[in-house]
Amino acid sequence: MSRTDEVTVRKSTRADLLSVYRIERAVFSDPWPYDAFERMLSKPAFLVAERNSAVVGYVVADVTPNFGRDIGHIKDIAVRPDEQGRGIGGRLLRTALSRLRMQNASIVKLEVRESNERARSLYRSHGFETIRQVARYYHDGEDAIVMVLDLEAWQSG
């Protein structure tokens, strides 16, 4: 892989939103609306992965105060279909987790479709554990799997 083909991860900007939205629509059957991404621009871990000046993936995450044990939340993560399987999702996830830890999150949670075994495998490989299932979480009636990660243990391990 040449140097120009390397992927970089950086904070998202308004200029990235159309690319992010296009990836969202290509990857998910129930995509977020464009304005949802606009509202997330200020979040500490709205990051994009970029290759050759093109956005190839993104992650959106934030932190909620919780009496000294703040909770990070991975809200959305996706990689352009033609770039999947190259480690970009894992890199975005690790970078987001580091940013959430810098924002004093102690744990991180996320929801994932029960049928999305590829994503569930990625999350498990980074230490996430399933804590419960939420019936009919998605608009099409599919259940969500709620997974959590102890960020303090992840950081030290």
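The protein chain of this predicted model holds 5 helices and 7 strands, where helices are DSSP runs of H or I with at least four residues, strands are runs of E with at least two, and both are numbered from the N terminus. Residues are numbered from 1 along each chain as its sequence is written. Local features need pLDDT of at least 70 and side-chain atom pairs count only at pLDDT 80 or more, while totals for chains, interfaces and linings use all residues; side-chain values use heavy atoms, leaving out hydrogens and water.

Now step back to the overall form. The C-alpha atoms fill a box of roughly 40 × 35 × 30 Å along the principal axes. The radius of gyration of the protein chain is 15 Å, which agrees with the value near 15 Å for a compact globule of 157 residues; the radius is taken over C-alpha atoms, and the globule rule is 2.2 Å times the number of residues to the power 0.38. Among contacts (heavy atoms within 4.5 Å) between residues at least 6 apart in sequence, 62% join residues at least 24 apart.

Let us go inside. Of the 157 residues, 41% count as buried, meaning under 20% relative accessible area with a 1.4 Å probe and protein chains only; over 50% is exposed, and partly exposed lies in between. In soluble globular proteins, nonpolar side chains tend to be buried together. A nonpolar core here is a set of buried Ala, Val, Leu, Ile, Met, Phe, Trp, Tyr and Cys residues joined through side-chain atoms within 4.5 Å. The largest such core has 27 residues, of which Ile74, Leu92, Leu100, Tyr123 and Phe128 touch the most other members. Elements that each supply at least two residues of this core include strand S4 (70-79), helix H3 (88-102) and strand S5 (105-113), and H3 gives the most, with 6 residues. Phe128 touches Leu93, Leu97, Val108, Leu110, Tyr123, Met147, Val148 and Leu149, leaving aside residues up to four places away in sequence.

Finally, look at two loops. Most residues other than glycine have a negative phi. Asparagine 104, in the loop between H3 and S5, has a positive phi of about 75 degrees, and its relative accessible area of 51% makes it exposed. Arginine 136 sits in the loop between strand S6 (129-134) and S7; its phi is near 55 degrees, also a positive value, and arginine 136 is exposed at 64% relative accessible area.
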